[in-house]
Amino acid sequence: MTQTVAVLGTGKIGEALLSGMIRAGWRPANLLVTTRRAERAEELHQRYGVDSVSNAEAAGRADILILAVKPQDMGRLLDELAGHLTPDRLVISAAAGITTSFIEERLAANTPVVRVMPNTPVLVDEGMSVISAGSHATTDHLAAAEAIFGGVGKTLRVPESQQDAATALSGSGPAYFYFLVEAMTDAGILLGLPRAQAHELIVQAAIGAAVMLRDSGEHPVKLREAVTSPAGTTISAIRELENHGVRAALIAALEAARDRSRELASGNG
C-alpha cells in the first residue's frame, strides 16, 4: 500500500474503488484522481483528501493506473497517456468490453495490463470483480489488482477468453435480479399487497436466499427442494415458471449479453 495509485475516471465505479481503497488502508497521499470538472475534483478532495491531477501527470506519478472511464472514451484516454506512460507502470482497465490487446497496442511495448470487470454492488462492498491478465502481466500484477478490488467485494481470476461470459453473468447480473424483484413486486400488488410491503417481503427474501446460497454450501437445487413441498404452493409456482419458459429465457438473455460484450470488444459499439 506504499505504491501510488491513480483512478482515471471518477464516476460511480471509480469513486467506489477510491473509497474502498481508503477503507482498506491506503493513504490518501498515495491516491490520485482525474476528473473532467473542477467542482468534482474539489468534491473528492473534501470527501477523501485526495489530489486531482491531469491524465498526463497521473501517468508520470502513479505506479498503478486504474482506467475507469466509459468504453467509448478509452481510445482518447490511451492517446493522452501513450507519450507519458512507461512500461514499469501497471495499467488496470475497468471498462466493459475493452480487451487487454486493445490497450497494449496503444501503449509502450511490454506495458503490463490487467482487465477487470466489476459490477455495481462494489458501491456497497459486495461487488464481484473478474480479473484477467494481459500478455505482459504477472501474478504480482494480478495480486495488485486483487488487493484493490478486494476492498469492495470478491475477486475471481479467469482467462480473458471468459471475460465476455463473466460480463453477461456477473457484470450485468445485478440488473437481472432487480428486474425479477420489480416483476415480483408487481405480482404482490396484483395479489393485494401494498407496494411497500410487497417490496420489503421480496427484498428480504432475496437477501436471505443469497446468504443461504453463500453460506450453506448447498446446491441451489437442494435449497429450492427444501421449500418445495408435494402439492404445495411453491411447486405450483415453479410449474408456471417452467410452462412459461423462464429458464430458457434466462439462458437466451445471458447469451445475448455475452454476444453484445463481444461486439463491444470488437469495436462494433
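L241 sits in helix α11, which covers residues 233-243. This is a predicted model, so read what follows with that in mind. L241 comes out as partly exposed because its relative accessibility is 43%.

Now for strand β5, residues 90-93. Side chains L90 and I92 point one way, V91 and S93 point the other way, and all of them are buried.

β5 pairs with strand β4 (residues 64-67) in the parallel sense, over 4 bridges. If you want one of the contacts to look at, S93 in β5 is the bridge partner of L67.

## The largest nonpolar core

I92 and V114 turn up again in the largest nonpolar core, which has 28 residues. Along with V5, M21, I64, I66 and I148, they are the residues that touch the most other members. At least two residues of this core come from each of these elements: the strands β1 (5-8), β2 (31-34), β4, β5 and β6, and the helices α1 (12-23), α2 (38-48) and α6 (139-149). Helix α6 supplies the largest share, with 5 residues.

Most residues other than glycine have a negative phi.

D125 isn't a glycine, yet its phi is positive, near 60 degrees. You'll find D125 in the loop between β6 (113-117) and β7 (127-133). With a relative accessible area of 29%, D125 counts as partly exposed.

A231 is another non-glycine residue with a positive phi, again near 60 degrees. A231 lies in the loop that links α10 (220-227) to α11. Is A231 buried or exposed? A231 is exposed, because its relative accessible area is 82%, and the cut-off for exposed is over 50%.

Key
Residues numbered from 1 in each chain as written. Predicted model: local features only at pLDDT ≥ 70, side-chain atom pairs only at ≥ 80, totals over all residues. Heavy atoms only, no water. Buried < 20%, exposed > 50% of the residue type's maximum accessible area, 1.4 Å probe, protein only. Pairing = 2+ DSSP bridges. Core = buried A, V, L, I, M, F, W, Y, C linked by side-chain atoms within 4.5 Å.
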